[in-house]
Amino acid sequence: MADPKKLFIKTYGCQMNVYDSERMSEAMGGAGYVTTDSPDDADMILLNTCHIREKAAEKVYSELGRFKGLKADKPDLKIGVAGCVAQAEGEEIMRRQPLVDLVVGPQSYHRLPEMEAKTQQGEKALDTDFPEEDKFEKLKSRPKARRAPSAFLTVQEGCDKFCAFCVVPYTRGAEVSRPAERVLAEARDLVERGVAEITLLGQNVNAYHGDAPQGGDWGLARLIRELAEVDGLERIRYTTSHPNDMEDDLIRAHGDCEKLMPYLHLPVQSGSDRILKRMNRSHTAESYLRVIDRIREARPDILLSGDFIVGFPEETDADFEDTLKLVEQVRYGQCYSFKYSTRPGTPAAEREQLPEDVKSERLQRLQALLNQQQAEIQAAMVGREVGVLFEKKGRLPGQMVGKSDHLHAVYVQAPESLLGQVARVRITGTSSNSLAGELI
Ligand code: 5AD
Ligand code: SF4
């Protein structure tokens with residue numbers, strides 16, 4: 001038998017891309033490929049790209065340029081671009097970088113093996129359709145390999161919200177939820193392969209409404225409650241959510257579903273109502289804060305995380321102060337903040353832009369505040385007892401690393417036999433991005 005061909009996938013961007021890359025490598029497994037960690041010995045290189053901000057998209061072109069030498073040494077090497085840059089720029093990628101053989105958008109990954117076969121005939125392959133069929137069903141022929149203790153599971157894709165800055169509704173298309181039965185089956189399969197924690201993924205995951213097994217549909221809360229019944233599944237998380245879709249039942253689940261972890265990523269983007277309106281967010285700072293109050297009532301120890309954009313067109317100093325004020329009120333345990341980046345084709349790209357130095361200065365001030373909050377919340381964990389799911393060995397001898405209920409990385413002296421298990425840990429110390437603890 002011939003040696004299997006080698007596939008190198010480089011993943012950019014969000015967790016959904018991580019999930020998609022796993023599905024693509026499994027699909028290519030069916031076409032005779034094994035994955036490799038190095039582009040140098042690959043027969044096929046796939047970049048799974050992100051288009052959310054300008055820098056993310058530019059990185060793809062500079063990375064492609066670097067493969068020129070490789071392709072010169074190995075003319076049979078196939079180079080493919082997947083993900084949101086592929087969806088947004090399509091043929092433009094092949095024009096700009098002729099060494100690309102294949103361009104595949106996120107809704108067409110199940111067609112990847114056929115597309116690869118086409119490139120073997122010396123042709124170029126491009127597919128950025130939004131087909132009707134469920135690509136994940138078609139991608140299912142997966143080997144029963146062991147999996148890491150924590151896994152992603154995509155339950156919903158696309159977005160109908162059309163925030164004025166965001167490319168997602170264009171690159172990932174309209175909101176589509178996977179049927180609940182398929183999600184449950186995939187979860188059971190993951191648990192059989194050693195997974196103890198599942199993070200449900202969707203660009204707008206809390207708007208999930210998938211077909212129910214007996215007709216009708218289920219919202220995210222119902223899906224979580226049914227997943228909680230799966231034996232061996234210890235922890236459930238979900239991301240990313242929109243404040244307007246935090247329905248009562250989901251908030252209640254944070255209070256009464258033990259397997260649902262006390263962590264919630266709930267982006268707000270800005271604390272100024274004027275800017276929120278221009279962003280087309282259809283919520284106010286006040287309505288966001290009220291949602292947070294209700295969540296904290298249901299689950300007082302929940303750790304909140306968010307996303308912020310500074311320097312959106314027309315943002316004044318006063319608007320930015322409102323953002324800082326909102327951050328003070330919420331107290332985030334973790335946050336992601338970005339300078340506004342113009343995305344071609346989105347409404348805000350047409351508006352007058354703020355100077356770069358204004359954006360940079362605001363980002364620095366916001367990040368200083370967010371970092372301070374993160375440090376304070378981490379420090380407040382010291383002395384507390386948490387659950388930790390051990391995911392791998394630490395750098396020091398006898399050390400294991402895992403994630404706490406609140407998604408903090410925790411380093412603990414613990415036997416390797418705890419890999420994949422949840423154990424009780426007392427937090428003993430804190431450093432910049434992690435905690436230290438000891439087994440109880
Ligand atoms: N510029 C800067 N940040 C953006 N995001 C989305 N689009 C843009 C943009 N054009 C951020 C938002 C979103 C996160 C995933 O990325 O904060 O929640
Ligand atoms: Fe983009 Fe999220 Fe707004 Fe949808 S809700 S348009 S994914 S920022």
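This is a predicted model: local features need pLDDT of at least 70, side-chain atom pairs count only at pLDDT 80 or more; totals for chains, interfaces and linings use all residues.
1. Starting with ligand 1: its shell is made up of Ile52, Arg53, Phe165, Gln269, Asp307, Ile309, Phe338, Lys339, Tyr340, Ser341 and Arg343. By type, that is five nonpolar, two polar and four charged residues. Two strands, β15 (303–310) and β16 (334–339), each put at least two residues into this shell.

2. Now for the polar contacts of ligand 1. On the oxygen side, the side chain of Asp307 has a polar atom 2.6 Å from an oxygen of the ligand, and a side-chain N or O atom of Arg53 sits 2.8 Å from a ligand oxygen. The backbone gets involved too: a polar backbone atom of Ser341 is 2.8 Å from a nitrogen atom of ligand 1. As for cover, ligand 1 has 400 Å² of accessible area on its own, and the protein covers 87% of that.

3. On to ligand 2, which has Cys159, Lys161, Phe162, Cys163, Phe165, Cys166, Val168, Pro169, His242 and Arg281 around it. This shell splits into seven nonpolar residues, one polar and two charged. Do look at Phe165 when you have the model open: Phe165 is in the shell of ligand 1 and also in that of ligand 2.

4. Helix α9 (residues 180–192) passes a simple length check. Just past the end of α9, Gly194 has a positive phi of about 100 degrees.

5. Which residues of α9 are buried? The list is Ala180, Val183, Leu184, Glu186, Ala187, Asp189, Leu190 and Val191, so you will find Glu186 and Asp189 in there too, each under 20% relative accessible area. For reading that list, remember that an α-helix has 3.6 residues a turn, so residues three or four places apart point the same way. The packing partners of these buried residues are α1 (15–30), β7 (150–154), β10 (197–201), β11 (209–211), β12 (217–219) and α10 (220–227).

6. Last, His110, in the loop that joins β5 (102–104) to α6 (112–120). Is His110 buried or exposed? Its relative accessible area is 12%, and the cut-off for buried is under 20%, so His110 counts as buried. Leaving aside residues up to four places away in sequence, His110 touches Pro131, Glu133, Lys135, Lys138 and Leu139.

Key:
Residues are numbered from 1 along each chain as its sequence is written. Chains are lettered from A and ligands numbered from 1 in the order in which they are written. Side-chain values use heavy atoms; hydrogens and water are left out. Buried means under 20% relative accessible area, exposed over 50%, partly exposed in between (1.4 Å probe, protein chains only). Helices (H or I, at least four residues) and strands (E, at least two) are DSSP runs, numbered from the N terminus. Contact means heavy atoms within 4.5 Å. A residue is near a molecule or strand if one of its heavy atoms lies within 4 Å of it. A polar contact is a pair of N or O atoms within 3.5 Å; within protein, one must be able to donate a hydrogen and the other to accept it, and residues adjacent in sequence count only if both atoms are side-chain atoms. Accessible areas come from the Shrake-Rupley method with a 1.4 Å probe; for residues, only the protein chains shown count as cover. Ala, Val, Leu, Ile, Met, Phe, Trp, Tyr, Cys and Pro count as nonpolar, Asp, Glu, Lys and Arg as charged, and the others, Gly among them, as polar.
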